[in-house]
Amino acid sequence: MKNFDDIKNLYNENILPTYARYPVAFVKGAGSRLWGADGKEYIDFASGIGVNSVGHSHPKWVEAIYSQAGVLSHVSNLFYTEPGAVLAEKLCGFAGMRGLFFSNSGAESNEGVIKAARKYSFDKYGAGRHTIITLKGSFHGRLGATLKATGQEKFHKDCFAPFMEGFRYVEANDFSVLEAEAKAGDVCAFLFESIQGEGGVMPLDADYLQKAAELCEKNDWLLIADEIQTGIGRTGEWFGFQNFNIKPDAIAFAKGIAGGLPLGGFLLGEKMYKTLNPGDHGTTYGGNLVCAAAALSVLEILEPILPGVKEKGAYIREKISAMNLPQVKEIRGMGLMIGIKLEGIANTEAVAKLLEAGLVALPAGADVLRFLPPLTIGTEDIDAGLAIMEKVFKW
Ligand SMILES: *Cc1c(COP(=O)(O)O)cnc(C)c1O
């Protein structure tokens, strides 16, 4: 097997440098633990950015993939297949939605939902009512529409212009600026993350979201939840919005759904599930049999443990709070989506130090350390991870 330097050199010679990577090459994982090419063991509080929701190499997940791959893996969406249909029925049920479209990633899921929202409005009101309101600090993806939908100027670099038109950004948790958007008469939808993930693990105010939902209803703006990070059990509910007592018209999901295989999609509710018709949208891979079988196993593994996710999150937040660390300014989030606002240390530096000490974590926003452990993590691994954090931060 190649050692770390060999792997790093292969990367540097052949892979485009779009990421500043941390100096580890992982070669193996089991549960909430990972191993590097040098044999060193790590506790995983990152789950590949919220993707490995059932940990690494879960035996049921492995078995589901093996047995499906050995029978039939892919035939395209020109034909009917069983696993995707069963999965869609489950997800529609969990979300209270009427129809689903599968894609392969988060950004693709949002791109699809943006098309569906614009078509809904076009069919009903005609051209020009196409604007999608998103929140400052949001993150919705890196593709054509989603790059512009992302409410952070640093992503809209001139070198990538021209961008897709039809997005406006408002300050989160300020209802009056959202309400004022109605004057222009060109809005079709409001797209939000119930907890902004990449932006720094910022939960929206429940009162704000409920008022926003009422405003959307009043103006026939579609309420679209980007559940790509908050969905599939991450907050202790199947979907993040379920913590806020609102009901969206559409939901985008991805990251955790297939436990490590690329799968995403969007769900449409009563109001708009008849919007898309043959030829309106498509994907070659979306919802293929192996990814769908993996996702079904993920839901089966998560169903009995979902009620414990909020407790695990509360346990982690309380333990960190009790450490009284000078660098910790605020602890926020829901379930196993945890953000720790830092001071006196850059978040990327904190992540690098934790990694060196054996804990895999993530940065978020400008100054937040983010934990997204596998939802299956046990107390022993939580305690081991937090002990590393305490040692690193108590200098
Ligand atoms: C990760 C993420 C995306 C983008 O997903 P990709 O799979 O990287 O395209 C979009 N929205 C949110 C909220 C995310 O967390």
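1. A residue is called buried when its relative accessible area is under 20%, and because the relative accessibility of Ser109 is 0%, Ser109 counts as buried. The model discussed here is a predicted one, which should be kept in mind throughout the points below.

2. Ser109 belongs to helix H5, which covers residues 106-125. A polar atom of the Ser109 side chain is placed 3.2 Å from the backbone oxygen of Phe253.

3. The side chain of Ser103 has a polar atom 3.4 Å from the backbone nitrogen of Gly265. Leaving out neighbours within four places in sequence, Ser103 is in contact with Glu108, Ser109, Leu263, Gly264, Gly265, Gly286 and Gly287.

4. A reader may next turn to a pair of helices. Helix H10 (residues 309-322) and helix H12 (residues 379-393) have axes that come within 11 Å and cross at roughly 25°, which means that H10 is roughly parallel to H12. The crossing of these two helices, H10 and H12, is right-handed.

5. Which residues of H10 and H12 meet each other? On the H10 side they are Lys312, Tyr315, Ile316, Lys319 and Ile320, and on the H12 side they are Thr379, Ile382, Asp383, Leu386 and Met389. Sorted by class, the contact of H10 with H12 is made up of six nonpolar residues, one polar residue and three charged residues.

6. The last point concerns a residue in a loop, namely Pro23, whose place is between helix H1 (4-14) and strand E1 (26-30). Is Pro23 buried or exposed? With a relative accessibility of 61%, Pro23 counts as exposed, whereas Ser109, at 0%, counts as buried.

7. In sequence Pro23 and Phe4 are 19 residues apart, while in space they are 8.3 Å apart, taken from C-alpha to C-alpha.

Definitions and conventions:
Residues numbered from 1 in each chain as written. Predicted model: local features only at pLDDT ≥ 70, side-chain atom pairs only at ≥ 80, totals over all residues. Heavy atoms only, no water. Polar contact = N/O pair within 3.5 Å; in protein donor to acceptor, adjacent residues only side chain to side chain. Contact = heavy atoms within 4.5 Å. Axes fitted to C-alpha atoms, helices over the stretch in contact; angles between N-to-C directions. Helix = DSSP H or I, 4+ residues; strand = E, 2+ residues; numbered from the N terminus. Parallel < 35°, antiparallel > 145°, perpendicular 65-115°, else oblique. Left-handed = near helix turned anticlockwise from the far one by under 90°. Nonpolar A, V, L, I, M, F, W, Y, C, P; charged D, E, K, R; others polar. Buried < 20%, exposed > 50% of the residue type's maximum accessible area, 1.4 Å probe, protein only.
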